[in-house]
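I opened this notebook to keep track of what I looked up.

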Amino acid sequence: MTLAFVFPGQGAQTIGMGKALADAYPAAKALFDEVDEALGESLSSLIWDGDIESLTLTQNAQPALMATSMAAMRALEAEGVDVTRAAFVAGHSLGEYSALAAAGALSVADTARLLRTRGQAMQSAVPVGEGAMAAILGLDLDAVRAVAEEAAQGEVCQAANDNDPTQVVVSGAKAAVERAAEIAKEKGAKRAVMLPVSAPFHCALMQPAADVMAEALAGVEIKAPAVPLVANVRAEAVTDSDLIRQLLVEQVTGSVRWRESVQYMVAQGVTEAWEIGAGKALSGMIRKIDRAVACSAVGTPEDVQKALQAGD
């Protein structure tokens, strides 16, 4: 089987995530300590003992989800499985940073600080209440793009996440996104669900955050990844460190082309995907994109053991 490691994005966070990994694997505990030190605060205490409202704040959720994914990677490494077992790495939005850390392109400390900066910049790019996102269920990407264009009426409204054949997320100005939700239902969408997010991610309104990230990324070392990254905005493999830096900036305002990314990996021979970190959202999307891909979630010590057995 040809394997891909995939890394979850925002929304997968839960209180207590990664704690069992840290208890079972010293290397996983050391990873959380490394993130705490990089940020100059005990993010691990918030993850394990805090409240979900604080953890869900974008500036906390982004480094916290990366830390949990990397703790799972450290557990796999302790069992003899490193990133080169995979043919590709890919991540959903912030998960792209986790993928790059897993592949050795970014240091864990730099990744934690970049994601803290990214979370703060994305949150402050648009005043709270002025932007929104909505999941459109039951229309394909072309149909949702047409809906977004009709709904814009001079405001920003874009297809932000092409998640799977049944779900495309639109993002932009609140009134425009609300119009898009209504138009989508008129056009035959099964449902249009306003998402409980604090900012309109992956649309042109995020340009101030993209500018912040361009400056932040210019100041860190990015190495060629040990395994090719399937980039969100290209939906194809990249290994050049300068290109990766550029695409991470474009990703802030660009669409997450997850459906196409999975299709690309399948076309390259991928038959198995391990979702590294919190939750199973990506596994659900991958099954809707191609049911032939075998998916495993790797977020607990038990998951690590199951994945090892499946990979034998």
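**Ground rules**

I am working with a predicted model, where local features need pLDDT of at least 70, side-chain atom pairs count only at pLDDT 80 or more, and totals for chains, interfaces and linings use all residues. I number residues from 1 along each chain as its sequence is written, and side-chain values use heavy atoms, with hydrogens and water left out.

**Entry: salt bridges**

I began with the salt bridges (a side-chain nitrogen of Lys or Arg within 4 Å of a carboxyl oxygen of Asp or Glu). By this rule I have 13 of them.

One joins the side chains of Arg 116 and Glu 41, at 3.0 Å from N to O. I noted that this pair links distant parts of the chain, 75 residues apart. Arg 116 is in helix α7 (residues 108-125), and Glu 41 is in the loop between α2 (26-39) and α3 (43-49). Helices and strands here are DSSP runs, numbered from the N terminus (helices are H or I with at least four residues, strands are E with at least two).

Next I checked the cover. Buried means under 20% relative accessible area, exposed over 50%, and partly exposed in between (1.4 Å probe, protein chains only). Arg 116 counts as buried at 11%. Glu 41 is partly exposed at 34%.

Another salt bridge joins Asp 110 and Arg 113, at 3.1 Å from N to O. Where do Asp 110 and Arg 113 sit relative to each other in helix α7? They are three residues apart, so about one helical turn separates them. Asp 110 is buried, with a relative accessible area of 18%. Arg 113 is partly exposed at 38%.

I also looked up Arg 234 and Glu 236, whose side chains meet in a salt bridge of 3.9 Å, N to O. Arg 234 is partly exposed at 31%. Glu 236 is partly exposed too, at 35%.

**Entry: a buried charge**

What is the nearest side chain of opposite charge to Asp 164? I found Lys 288, 4.3 Å away. Asp 164 is buried yet has no salt bridge. I placed Asp 164 in strand β4 (residues 157-164).

I then looked for polar contacts (pairs of N or O atoms within 3.5 Å; within protein, one must be able to donate a hydrogen and the other to accept it, and residues adjacent in sequence count only if both atoms are side-chain atoms). The side chain of Asp 164 makes one of 2.6 Å with the side chain of Thr 166. A polar atom of the Asp 164 side chain also lies 3.0 Å from the backbone nitrogen of Gln 167.

**Entry: a charged patch**

Which residues form a positive surface patch? I listed Lys 280, Arg 287, Arg 291 and Lys 306. Patches are made of residues with over 30% relative accessible area and no salt bridge, with like charges joined within 9 Å and nonpolar side chains (Val, Leu, Ile, Met, Phe, Trp, Tyr) within 5 Å. Lys and Arg count as positive and Asp and Glu as negative, while His and the chain ends are not counted.

Arg 291 is in the loop between α13 (281-289) and β10 (294-298). Arg 291 is exposed, with a relative accessible area of 70%.

**Entry: positive phi**

I noted two residues here. Ser 93 has a positive phi of about 60° although it is not a glycine. Ser 93 lies in the loop between β2 and α6 (95-102), and at 12% relative accessibility Ser 93 is buried.

His 202 has a positive phi near 55°, and is also not a glycine. I found His 202 in the loop between β6 (191-194) and α10 (207-218). Is His 202 buried or exposed? His 202 is buried, at 2%.

**Entry: buried residues and distances**

Phe 5 is in strand β1 (residues 2-7) and is buried at 0% relative accessibility. I compared positions with Val 83: 78 residues apart in sequence, 7.8 Å apart in space, C-alpha to C-alpha.

Leu 217 is in helix α10 and also counts as buried at 0%.

Val 81 lies in the loop between α5 (58-78) and β2 (88-91). Val 81 is buried at 1%. Val 81 and Gly 219 are 138 residues apart in sequence and 31 Å apart in space, C-alpha to C-alpha.

Methods. Accessible areas come from the Shrake-Rupley method with a 1.4 Å probe; for residues, only the protein chains shown count as cover. The place of a charge is taken as NZ of Lys, CZ of Arg, CG of Asp or CD of Glu.
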